[in-house]
Amino acid sequence: MTLELLVENARIVDGTGAPWFRGAVGITDGEISHVSRATDHGLDAETRIDADGSVVAPGFIDAHSHSDLELFSDPALAPKTRQGITTEILGQDGFSMAPLYREDGVEPYQEYLSGLAGRLEREWSWNSMSDYLDAIDDAGIAPNVATLVGHGTARYEVLGMEDVEPDDDELEAMADLIAEGLADGAIGFSTGLVYTPQVYSETAEVSRLAAELAPYGRPFVAHIRSEGRWIWEALDEFFDIGADHEIPLHISHFKLTGAAQHGKTDRLLALVETARERGIDVTADQYPYTAGSSMLTALLPPWAQSADAGEMRETLADPARREEIRRDIEEWRIDGWQNVAGKTGWDRIHATNLTSEEFRDEGGDAIAAIAAERGIEPVDALCEVLLAEDLEASMIAHGLVESDVRAILRSDRVAVGSDGLFGARPHPRVYGTFPRVLGRYVREEDVLSLEEAVRKMTSLPARAMGLDSKGVLRPGLDADLVVFDPAVVADRATFDDPERHPIGVEHVIVDGTPIVSDGEDTGARPGRAIRA
């Protein structure tokens, strides 16, 4: 038998966490056909890759991606694939790109999400989840992608961005949209309870929508209500929903933010273990940095976002409303609100993705520095930036500590996710997340073994997201592979120079087709939209 592709002379790290072994991996018809430990394996192939002692592992799965629209303008997704990523999980934080039928609803939705997802540079040609997945297939992409169906999308479709409680009919209409998305192939349901419009949702609403997962066994993925001041209450709410409906739970970008919570990782991780002892299936993902990233509008109080883009601009331009924003942030007047600026500080929040003539040169600068340069208050600087950028701006918030990052990374319940936002001067995690774990936390600091790090990037996210044919090197499973040199692999992206590809990632293979060869994009686009 002649195989299509053979990766030989490799150290095989199979994704299970088991120790590496020397061998070869054979591929035919997009599947793994052979995993051999024999030195003289006798396998023949049309194409052979000599790994020369490098590691071959399952392709990495980005458990938290925001490539939902970027993939249409950049089907190669090289910032991700050159890290070794072969599958991305979209539809995060409650914002999926479908189902969306609201008349004249697409443009306002894009305007609000522009700082998180960018803008579509082509016609928005879909309404249903099925049509969105078809559009991805038609685009021809390099990696595989799967998507969650979003709470925020369903709420926007039924209620808009307003701070209102749905009546019974409206709640059922939202549930029907979640059910439709799941039936069309969404791999789970997501919410982002710090973002408008989900922030206005009571627990009963979230629970009713999550109940749609029960027949499928698919995960409920959440940016919980708080990752700082009210994190313990937020976790209790999330775990109780999982227990009530007996559904898998997955916590997005697991962390502790704000000085008051730093150092409490023992308590945090113990809560996860206690939940699992209750019979609740809980996993999480984490990015390996002490700074987070989101849309810049997320710094505003919820009331300042519960309107269309035109009304938001009027609010930002009104001195009296700016004063209300300032007081809400500085005096913590809204219970339960995430309040990133209040807990992090204006000197540790940097404005990114700035393209306007007025602020382009200050992209990456702290809000406090922008304010000082102009002799104005930080809240005024925030509002001026958002107005000049037409709301399409992002931020990087330095709100974590390294000791907590390491402690959470050691947990065997926590996968790796980039949570990377594209745009001008992005967070370095867009380009560096996975090689950073392998280079810094495995090779340099010995926080994790090589095998455990690979498990966190492969079989753990595959199992959490229900991708049963991915994440392990085993005959019959999908031929998604990465070959990297463990002595070299490292991230090179920094906060000052974030758009730098890593080193040491030699080959990336999707469904049996090389998309990266000798560290360079091959031009192949074998990826597809995965339908549950």
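For helix pairs, I take each axis as a line fitted to C-alpha atoms over the stretch in contact, with angles running from 0 to 180 degrees between N-to-C directions. I also keep in mind that this is a predicted model.

**Entry: helix 10 against helix 14**

I looked up this pair before anything else. Helix 10 and helix 14 pack with their axes 9 Å apart, at an angle of about 145 degrees. The crossing of helix 10 past helix 14 is left-handed. Which residues meet there? From helix 10 I noted Arg313, Leu316 and Ala317, and from helix 14 Cys383, Leu386 and Leu387.

Then I checked which parts of helix 10 are hidden. Ala309, Met312, Thr315 and Leu316, in the run 309–317, are buried. They sit on the same side of helix 10, because their arc around the axis is only 115 degrees. That made me recall that an α-helix has 3.6 residues a turn, so residues three or four places apart point the same way. The cover over the buried residues of helix 10 includes helix 3 (106–117), helix 11 and helix 14 (378–388).

**Entry: Ile325**

Next I went to helix 11 (residues 319–331), where Ile325 has its place. Is Ile325 buried or exposed? Its relative accessibility is 0%, so Ile325 counts as buried. Beyond its neighbours within four places in sequence, Ile325 is in contact with Leu300, Pro301, Trp303, Ala304, Thr315, Val379 and Cys383. Ile325 and Cys383 are 58 residues apart along the chain, yet 9.7 Å separates their C-alpha atoms.

I traced an open sheet of six strands, in the order 9-10-11-12-13-17, with parallel pairing. Its edges are strand 9 (149–150) and strand 17 (414–416), each pairing on one side only.

How many of its residues are buried? Five of the five are, so strand 13 is largely enclosed by the rest of the structure. Val282, Ala284 and Gln286 are buried on one side, and Thr283 and Asp285 on the other, which leaves both faces covered.

Strand 13 pairs in the parallel sense with strand 12 (residues 249–251) over three bridges. Its pairing with strand 17 is also parallel, over three bridges. Ala284 turns up in both pairings: Ala284 is the bridge partner of Ile251, and Val414 in strand 17 is the bridge partner of Ala284.

**Entry: nonpolar cores**

The largest nonpolar core holds 106 residues, and those with the most contacts inside it are Trp126, Tyr132, Ile136, Phe220, Phe239, Phe254 and Leu299. Helix 8 (residues 231–245) gives this core its largest share, seven residues. A second, separate core has 29 residues, including Ile85, Leu438, Leu450 and Val454.

Not counting residues up to four places away in sequence, Tyr132 touches Asp68, Phe72, Leu90, Met97, Ala98, Trp126 and Thr147.

**Entry: Arg37**

Last stop: the loop between strand 3 (31–36) and strand 4 (44–50), where I found Arg37. Arg37 counts as exposed because its relative accessibility is 61%, and the cut-off for exposed is over 50%. What does Arg37 touch? Leaving out residues up to four places away in sequence, I listed Phe21, Arg22 and Gly23.

Technical notes: Residues numbered from 1 in each chain as written. Predicted model: local features only at pLDDT ≥ 70, side-chain atom pairs only at ≥ 80, totals over all residues. Heavy atoms only, no water. Helix = DSSP H or I, 4+ residues; strand = E, 2+ residues; numbered from the N terminus. Buried < 20%, exposed > 50% of the residue type's maximum accessible area, 1.4 Å probe, protein only. Contact = heavy atoms within 4.5 Å. Pairing = 2+ DSSP bridges. Core = buried A, V, L, I, M, F, W, Y, C linked by side-chain atoms within 4.5 Å. Arc of directions from axis to C-beta. Left-handed = near helix turned anticlockwise from the far one by under 90°.
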